[in-house]
Amino acid sequence: MAFHTFNGRFFAGLALTGFMLAAAGCQSGDNGILNLGFGKKDPTAPPPPQDPKILASQLNAYCPRVTLRDGTAFFNTYANEARKPRPKLKKTGDAAQDAAAQAEADAAAATPPDDSARIIYQASISDVTRDCSRADGQLTMKIAVAGKIVPGPKFTPGTITMPIRTAVMHGTEVLYSQIHQYQVQVTDPSVATQFVFTDSNIVVPAPTAQDYQAYAGYDENAPKAATDKLKKGRKKAAATN
């Protein structure tokens, strides 16, 4: 009796398993073979979706990132100092000894003075940011530069001029580039002076892709400020009077 009950449960379970396999086989495909994931890919299946294109709303919200190029985050000015005069040495009669002594003296005279002792001020940029707007097929940008000025040993209170350049490029094409002779009043030589400079006049063609590059930083190769030229002109006029 117990054996009969076991066989009844066994055959009932086997029948249920056969039904599940048959149902799975019907759902596996036209060939009736159960698909366990080891078959070849269906050649008629559509390709996977490609990366989505940039939407117009995303492009309208695009504002080029501002980058500080290497070597443009700092600007130091130094006081000019006269070079040491070439020393004259007494001859000893020994040609080799005299030549060595003269060479050593010439090297000492050619050594530049200590730069740290000649610093007028050190300026540095600590942060840059930007803001963008669009109208009539053009992109208008505002680039802001924040930094500080640290007076050096040769500093005297007054107005200093820093050459700050802002630029926007599209690959190798220069869309905008402007040098600004930015002036800051520094009255206390014992503390650093904070400053914020903003260029609000940047207008370039509206980009058709997110591929513009914006830059900001010091440009030490820029021409001297007009105020420096004015000072020189005043000195010449005073000398002739």
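Q: Which residues does Thr77 touch, leaving aside residues up to four places away in sequence?
A: In this predicted model, Thr77 touches Arg118, Ile119, Ile120 and Tyr121. A contact requires heavy atoms within 4.5 Å.

Q: Why is Thr77 called buried?
A: Buried means a relative accessible area under 20%. Thr77 has a relative accessible area of 15%, so Thr77 counts as buried.

Q: Where does Thr77 lie, and how do you know that its strand pairs with β3?
A: Thr77 lies in strand β2. Two strands pair if at least two bridges are found between them. Between β2 and strand β3 (residues 119-135) there are five bridges, in the antiparallel sense, so the two strands meet the criterion for pairing.

Q: Which residue is the bridge partner of Phe74 in β3?
A: The bridge partner of Phe74 in β3 is Ser124.

Q: What is the order of the strands in the open sheet of four strands?
A: The order is β2-β3-β4-β7, and the pairing is antiparallel.

Q: What makes β2 and β7 stand at the edges?
A: β2 (74-78) and β7 (193-205) each have a single partner strand, so one side of each is left without a neighbour in the sheet. On average, neighbouring strands of this sheet are turned by 25° against each other, direction ignored.

Q: How many helices and strands does the chain have, and in what order do the elements run?
A: The chain has five helices and eight strands. From the N terminus on, its elements run α-α-β-β-α-α-β-β-β-β-β-β-α.

Q: What percentage of the residues of the chain count as buried?
A: Of the 241 residues, 26% count as buried. The accessible surface of the chain comes to about 17500 Å², and 57% of that surface belongs to carbon and sulfur atoms.

Q: What share of the contacts with a separation of 6 or more comes from residues 24 or more positions apart?
A: Such residues account for 73% of these contacts in the chain.

Q: Which residues line the second largest pocket, and which element gives the most to the lining?
A: The second largest pocket holds about 190 Å³ of space. Its lining includes Arg69, Thr72, Arg165, Met169, Ser177, Tyr215, Tyr218 and Asp219. The elements that give two or more residues to this lining are β5 (158-170), β6 (173-186) and β8 (213-218). With four residues, β8 gives the most.

How values were computed:
Residues are numbered from 1 along each chain as its sequence is written. This is a predicted model: local features need pLDDT of at least 70, side-chain atom pairs count only at pLDDT 80 or more; totals for chains, interfaces and linings use all residues. Side-chain values use heavy atoms; hydrogens and water are left out. Axes are lines fitted to C-alpha atoms, for helices over the stretch in contact, and angles run from 0 to 180 degrees between N-to-C directions. Buried means under 20% relative accessible area, exposed over 50%, partly exposed in between (1.4 Å probe, protein chains only). Accessible areas come from the Shrake-Rupley method with a 1.4 Å probe; for residues, only the protein chains shown count as cover. On a 1 Å grid over the protein atoms alone, a cavity is a set of points where a 1.4 Å probe fits but cannot get out, and a pocket is an open set with protein on both sides within 12 Å along at least five of seven lines; lining residues have an atom within 4 Å of a point. Grid points are joined across faces, edges and corners, and a volume is the space filled by probe spheres set on the points.
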